[in-house]
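This report describes a single protein chain.

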Amino acid sequence: MSDPVKSVASSTAPTAPAGAPVPGSDTYKGWLFKWTNYIKGYQRRWFVLSNGLLSYYRSMDLCFLEICGHVNSRTQAEMAHTCRGTINLAMAHIDTEDSCNIVLTSGGRSYHLKASSEVERQRWVTALELAKAKAIGMMHEQSDDSGDEESTSQSDKSEIHSTLKALSSKLEDLSTCNDLIGKHGAALQRSLSELESLKIPAESGDKIKSVHERATLFRITSNAMINACRDFLELAETHSRKWQRALQYEREQRIRLEETIEQLAKQHNSLERACRQAPALTNTPAISSTATGCVRPLKGEASDEDEETEYFDAMEDAPAFITVAADHKQHRHLGSNQSGASGGQPNDWNLEDHHQAGCNESAGKEVMPRKKRRTRIPDKPNYSLNLWSIMKNCIGKELSKIPMPVNFNEPLSMLQRLTEDLEYHDLLDKAAKCESSMEQMCYVAAFSVSSYSTTVHRTAKPFNPLLGETYELDRLEEQGYRSLCEQVSHHPPAAAHHVYSKRGWTLRQEITIASKFRGKYLSIMPLGAIHLQFHSSGNHYVWRKVTSTVHNIIVGKLWIDQSGDIDVVNHKTKETCQLKFSPYSYFSRDVARKVTGVVTDGEAKAHYILSGTWDDKMEYSKIVQSSRGNSGSEGKQKTVYQTLPSKLLWEKYPLPENAENMYHFSELALTLNEPEEGVCPTDSRRRPDQRLMENGRWDEANVEKQRLEEKQRAVRRRREAEAVEAQDDGKEYEGYQPLWFEKKVDPISRETAFVYKGGYWEAKEKKDWKKCPDIF
């Protein structure tokens, strides 16, 4: 008997032309070259065209094994991966690029194929066209036979109903049989007992006794079967109810999804109409703010992404509390007798509003008139990013030595980006004047949120600082503060930041960046604590930053999201503010980039509710009463807060005109790299590669960037050699020490951190920079 594998192989042996069709057969096979990626290029694959489907395999032999069903234990694991892909020709578009190439496109996927000759290419094109025509015909026939959707659904329901009815009938029959077995078994026992009572020979008595024992075993077995059937019935009924609830839940979810999609379609249509009308309205003063970028993006902005976009489940991030507006008149009558969580009279909220407004105005006044600073930088050049120009630099090199081009960067250093946290420093000026530590906590929390407002459009990465690089921002005379950053470590990269304000506060932080590449997105996790201390009250606040996620790293338009929790703690009063950054969800009905928070005192009693978005504004409301509400969908009991009308805490400044061509920089960001006399030689403003990129000379910036990185590696190798030499001599090697910061144990967090030790501003005043290293 012939081997079917050999018979199939012989029918497509290389002696015949590749892919030669068998007469009367719909199957077409042969070798083609398929484009895989930029590294491997075209690879030889075995293609099989059958029943309107084109599949390809790495090996022809494994393809035969899969078709014939001859699989042993060794090849079974391999066969799970033999078919590398399949494309349906019914909806495919067939195109020919040149004499040997074929391009198949279907459902967003494309196969780029190459034949060995033009004749072979033509054979494949003919076979593909015929298979496509047959597949389309089969699809129409199936659609005609299947009927409409409603009738199919109705038939499915009737079939399920009939199946359940038949199953119930069989279970009733089984129960009846169980009852009959029990009755007949009891009658058999009685008959055997009567036989034993008769006078019969001893031999017959032994046989009757044996039969009686077997009948007893039959009765025991029958009873066990009856009990098992009863348990089965109870279990089936229990699970049937569970399945019905699960089915009902899935139906409700489907209805919700259909409603969401319908709503999304309506929003899409309205956006299209608004987009078509926009050109005719751009000259009107009513929407002139759109050009300046002050209109915040819609929630659906990130929905334009490709199918690889990562989304999160909104149900997991539902708020743990509910807020309702309080009645002014009702609370005015209740006064302090109301069990309010905020303490004090609720009707004092409006009085505090007027008092706070005057306080904020005085805090916002500047000591000196503003120095005129630049309001624009050269427009970003329209350089196309050539993937091969990057990949060719990776061949034969270590990952740490690959020079990344400035095309991925923006013309700012990470130290300057860290200084951007001070854009809304006036929030801290207002907080310093607050008499209530609880209200002060609200402004501090708003400040912690405001630092993310500039990241919504800033998808480019800042320049990595060189070891010993510094950045100063002296706004002492204009806005009352001065800031200093220094890159204190290179492995791992860490930056220390110190800010002093003569308006009553000091801020310091040490940030180390940890990142994880997860295929479709990149998670950036800032490590390190931020400390804020107010001089007059001694209130000491500590918090940490949330995780930033950059989506569509490989394919699609880049977009950034912030997610996680921030716990702002006042270590003097033990008051806390818990802020929650909700991750973006396509199915959520909440506003995008939502942030919510609750301010509580040392006894965990809530006083204020914070709400808003991290890219637009934050508001706060005073709580006048709290109560426990009903359990939510997850069984958790939510707290209901009655609040007075909300007041604005913080609102994002509009972006400058033409910001989209200037890396979406804010007004402060445009001034950060402005040349300034008298700064330290290691200041980021003096970086030549960064300055060249800002001026639009990207090719020269790439060369200069590579020179600086190689110079830094040479210094590191020299330090490593000195460490080895010191070890051989039995001496202790101190290693690199920062110039303006020193390591200390923080008394609050009990962690080792870099703290400003002084001397920088004195050295600037004396113009004495002898201690500064030559890093540029």
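## Aromatic pairs

Searching the whole structure gives 19 aromatic pairs. One of them is formed by Y452 and F581, with an edge-to-face geometry: the ring centres are 5.5 Å apart and the planes are at 70 degrees to each other. Y452 belongs to the loop between α13 (437-450) and β10 (461-463), while F581 belongs to strand β20 (residues 575-581), so this pair ties together parts that lie 129 residues apart in sequence. Y452 and F581 are both buried. The model is a predicted one.

Elsewhere, ring pairs join W740, Y760, W761 and W769 into a cluster.

## Charges over rings

R44 sits over the face of W31, 4.0 Å from the ring centre. K114 sits over the face of Y42, and here the distance from the ring centre is 4.4 Å.

## Nonpolar cores

The largest nonpolar core comprises 64 residues. Within this core, the residues with the most contacts are W505, L532, W543, L579, F581 and L610. Helix α13 gives the most to the core, namely nine residues.

When neighbours within four places in sequence are set aside, the contacts of F581 are V449, Y452, V546, Q562, S563, G564, I566, K594, V595 and W614.

## Cysteines

How many disulfides does the structure hold? The number is zero. C772, for example, is in no disulfide: the nearest cysteine sulfur belongs to C680 and is 3.2 Å away, whereas a disulfide requires the two sulfur atoms to be within 2.5 Å.

C772 is buried, its relative accessible area being 13%. C485 is also buried, with a relative accessible area of 0%.

## Backbone geometry

The peptide bond that runs from H491 to P492 is cis, with omega near 0 degrees. P492 is located in the loop between β12 (481-490) and β13 (493-501).

Positive phi values occur at two residues of another loop. N658, although not a glycine, has a positive phi of about 70 degrees; this residue is in the loop between β25 (647-651) and α15 (667-672). Y663, which is in the loop between β25 and α15, also has a positive phi, near 60 degrees, and is a residue other than glycine.

Is N658 buried or exposed? N658 has a relative accessibility of 18% and therefore counts as buried, the cut-off being under 20%. Y663 is buried as well, at a relative accessible area of 7%.

L655 lies in the loop between β25 and α15 and is buried, with a relative accessible area of 11%. P654 lies in the loop between β25 and α15 too, but is partly exposed, with a relative accessible area of 44%. The C-alpha atoms of L655 and S666 are separated by 5.4 Å, with the two residues eleven apart along the chain. For P654 and E667, which are 13 residues apart along the chain, the C-alpha separation is 8.8 Å.

## Overall figures

The chain has 18 helices and 27 strands. It consists of 776 residues, of which 39% count as buried.

Taking contacts between residues at least 6 apart in sequence, 60% join residues at least 24 apart. The accessible surface of the chain is about 45,000 Å², and carbon and sulfur atoms account for 53% of that area.

Methods:
Residues numbered from 1 in each chain as written. Predicted model: local features only at pLDDT ≥ 70, side-chain atom pairs only at ≥ 80, totals over all residues. Heavy atoms only, no water. Phe/Tyr/Trp six-rings, centres within 6.5 Å; stacked < 30°, edge-to-face > 60°. Helix = DSSP H or I, 4+ residues; strand = E, 2+ residues; numbered from the N terminus. Buried < 20%, exposed > 50% of the residue type's maximum accessible area, 1.4 Å probe, protein only. Lys NZ or Arg CZ within 6 Å of the ring centre and 35° of its normal. Core = buried A, V, L, I, M, F, W, Y, C linked by side-chain atoms within 4.5 Å. Contact = heavy atoms within 4.5 Å. Areas by Shrake-Rupley, 256 points an atom, 1.4 Å probe, with all protein chains shown as cover.
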